[in-house]
Amino acid sequence: MKIIMLGPPGAGKGTQAQLLVEKFGLPQISTGDLLRGALGEGTELGIEAKKYMDAGQLVPDDLIISLIEERIKLPDCEEGYILDGFPRTIEQAEALGGIDNIDTVLNIVVDTDVLMGRLMGRRTCRGCNAVFNITGRPSKVEGVCDQCGGELYQRDDDNEATVTKRLDTYNNQTAPLIDFYRGKGILKDVRTGKEIPETFGNVMMALGH
Ligand code: ADP
Ligand code: ZN
């Protein structure tokens with residue numbers, strides 16, 4: 001099963017992807033996590049990517065495409081995978097189409113007025129990348145990950161100016177993928193519910209489970 005999670009920043013793609021990982025045992029491939037990991041290791045790619053991420057812009061297609069190409073060649077991807085944050089441009093989608101066949105694109109549909117608040121309240125685990133929210137979904141102990149006990153932090157790009165820019169970037173460069181994949185007949189819209197499990201119910205329904 002090869003799945004793409006599509007939707008604006010703050011839609012909950014990563015959270016739903018993690019639930020799919022638990023359910024199906026497939027790897028979650030988050031380009032954002034890969035880039036932040038590269039930065040943490042101080043690689044050239046990470047340092048280059050940070051300039052764009054901090055500005056709320058997309059990292060150049062060629063960098064991201066080669067990153068993904070390498071990742072989905074690894075043996076753990078043979079049975080399938082969940083792409084979270086890729087593709088984000090038509091060019092990326094076309095490149096992916098030349099590498100592999102995707103089964104389903106889950107388009108997470110969410111009211112745009114909730115996105116800003118969610119992104120500003122987001123806290124991410126340094127250890128396992130789990131995502132919490134200080135208002136919507138707080139960790140049991142403030143600043144500590146429920147899953148691994150790691151430290152929660154606020155991402156550099158979860159500030160008002162960068163978030164505003166990221167939402168623009170989504171509308172201009174990524175939203176066209178909705179029609180692109182609808183035209184291929186593999187897009188499923190997923191309404192977000194009030195609670196995470198309700199949304200996950202919609203995800204499972206979209207997958208025919
Ligand atoms: P969110 O979905 O909340 O915006 P991500 O962690 O997916 O967060 O992405 C953070 C940043 O990483 C993006 O704003 C962008 O700069 C970069 N990035 C992630 N995925 C891609 C991609 N597929 N193409 C280009 N840039 C990307
Ligand atoms: Zn953790």
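How far is an oxygen atom of ligand 1 from an N or O atom in the side chain of R36? The distance is 2.9 Å, in a predicted model where local features need pLDDT of at least 70, side-chain atom pairs count only at pLDDT 80 or more, and totals for chains, interfaces and linings use all residues. Residues are numbered from 1 along each chain as its sequence is written, chains are lettered from A and ligands numbered from 1 in the order in which they are written, and side-chain values use heavy atoms, with hydrogens and water left out.

**Ligand 1**
- A backbone N or O atom of Q57 lies 2.6 Å from an oxygen atom of ligand 1, while a backbone N or O atom of V59 lies 3.0 Å from a nitrogen atom of ligand 1.
- Ligand 1 taken alone exposes 550 Å², of which the protein buries 96% (Shrake-Rupley method, 1.4 Å probe).
- Among the 19 residues around ligand 1, those that come nearest are T31, Q57, G85, Q92 and R166 (a residue is near if one of its heavy atoms lies within 4 Å).
- Helix 2 gives the largest share of this shell, four residues (helices are DSSP runs of H or I, at least four residues).

**Second largest pocket**
- The second largest pocket has a volume of about 280 Å³ (a pocket is an open set of points on a 1 Å grid over the protein atoms alone, where a 1.4 Å probe fits, with protein on both sides within 12 Å along at least five of seven lines, and lining residues have an atom within 4 Å of a point).
- Of its 16 lining residues, R36, L39, Y153, R155 and D156 are the closest to its centre.
- Helix 2 also supplies the largest share of this lining, five residues.

Methods: Points joined across faces, edges and corners; volume = space filled by probe spheres on them. Helix = DSSP H or I, 4+ residues; strand = E, 2+ residues; numbered from the N terminus. Polar contact = N/O pair within 3.5 Å; in protein donor to acceptor, adjacent residues only side chain to side chain.
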